[in-house]
Amino acid sequence: MRRRTWGITIAAVAAATLAAVGIGAAVQQPGPAATTAARATSVPTRTATPTPTPRPTLPAIPAAASDAELAALPLTFHDAVVPELLDGSTVRPDNQWQIATPKQRLVALYAAPSADARPVATLASTVSTIETPAATAVWGRSDGEDGGMVLVSTPARNRTPGDGGDPTAPSATFAWARASDFSIASVDRMVRVDVAASTVSVVHQDDSVSASEPARLGTPDDPTPTATATYVEAAYVDARVTYTQGNPIILTGAHSSRIPQYGGNAALTALHYYPDPNGSSHGCVRISAAMTKTLAELPVGTAIWFT
């Protein structure tokens, strides 16, 4: 911008002998407007709107069953036989190292992980006859809304062996359920019963072993289950079972593969103390008092492999 000085002169004409007096004032004036070339021009920049990433469409899952529907379904408990339940011939259990605890009194169970599947049975939030809190092991998952569906162990059978029953009846069963019907927690331990080696071990997810000992198992006529995936259904003390001598009984969801019942109810497989260090069982797993206490510290729902 250029600065120009304008003079304002006041003159008085007198005689030739008088001097002319000028008074000047300097005033700053605005300069000419900037040229087009010199003017800073601001051009707004248009920011491209990112294309949103579409959310994947998750498969639908069955709608929650009503209380009336749940009440009309058979309950999966140790004495129940529900033909629609699944076994190792239709599903391949894969330990997810998770425990599922029912959020409500009854949870619907399904024979398939699809939106149009109808419930075939229920799982209770307490263990029948001993009324302890129930939980189960997770053996598979299917993607879907609200967490999808989970494959869980049940305490019931889908057919009965022995006494004119089906000689191929499995020892353990599974069913699909809505993941949102459970509180699901991760665990890092499971129980492994090695039938061939006659041992019981607590195994961690990294395959390390924190406890192991020899066990006494069933006979060829009343064998301990093999090739069976199940879970810790309960760990409790029952003074009426005198031979356990007050030590915990670790009840599993597996049944005898040969006999339909024992002691007046279903022939469930348990891990328990027995005072005679010799002999064999009717399919149960006899262990030391110390091991019963170790196993009783595991959460209900912990996975068990009978190998």
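The largest cavity is lined by A64, A65, L70, Q104, A108, R178 and D181. Its volume comes to about 40 Å³, and a search of the whole structure turns up one cavity of 30 Å³ or more. Keep in mind that this is a predicted model.

**Cavity lining**
- Sorted by class, the residues around the largest cavity are four nonpolar, one polar and two charged.
- L70, one of the lining residues, sits within the 67-72 stretch of α1.

**Helix α2**
- α2 runs over residues 289-296, and M291, T292 and L295 are buried in it.
- These three span an arc of only 105° around the axis, so they end up on the same side of α2.
- What do the buried residues of α2 pack against? Their partners are the strands β8 (189-194), β9 (199-204), β10 (209-214), β12 (249-255), β15 and β16.

**S281, between β15 and β16**
- You'll find S281 in the loop that links β15 (268-273) to β16 (285-287).
- The S281 side chain reaches the backbone oxygen of C284 at 2.5 Å.
- Not counting residues up to four places away in sequence, S281 touches R216, L217, G218, T219, D222 and R286.

- N95 belongs to the loop between α1 (67-72) and β1 (98-102).
- The backbone nitrogen of W97 is within reach of the N95 side chain, at 2.9 Å.
- If you leave aside neighbours within four places in sequence, N95 is in contact with V138, W139, M190, A303 and W305.
- One of those contacts, M190, falls in β8 (189-194), a strand that the buried residues of α2 pack against.
- Another, A303, is in β17 (303-306).

**G301, between α2 and β17**
- G301 is placed in the loop that runs from α2 to β17 (303-306).
- G301 and G253 are 48 residues apart in sequence, and their C-alpha atoms are 9.6 Å apart in space.
- Setting aside neighbours within four places in sequence, the contacts of G301 are I99, A135, T136, A137, Y231 and V232.
- Among these, I99 is part of β1 (98-102).

Terms used. Residues are numbered from 1 along each chain as its sequence is written. This is a predicted model: local features need pLDDT of at least 70, side-chain atom pairs count only at pLDDT 80 or more; totals for chains, interfaces and linings use all residues. Side-chain values use heavy atoms; hydrogens and water are left out. Helices (H or I, at least four residues) and strands (E, at least two) are DSSP runs, numbered from the N terminus. A polar contact is a pair of N or O atoms within 3.5 Å; within protein, one must be able to donate a hydrogen and the other to accept it, and residues adjacent in sequence count only if both atoms are side-chain atoms. Contact means heavy atoms within 4.5 Å. Buried means under 20% relative accessible area, exposed over 50%, partly exposed in between (1.4 Å probe, protein chains only). The arc is that of the directions from the helix axis to the C-beta atoms. On a 1 Å grid over the protein atoms alone, a cavity is a set of points where a 1.4 Å probe fits but cannot get out, and a pocket is an open set with protein on both sides within 12 Å along at least five of seven lines; lining residues have an atom within 4 Å of a point. Grid points are joined across faces, edges and corners, and a volume is the space filled by probe spheres set on the points. Ala, Val, Leu, Ile, Met, Phe, Trp, Tyr, Cys and Pro count as nonpolar, Asp, Glu, Lys and Arg as charged, and the others, Gly among them, as polar.
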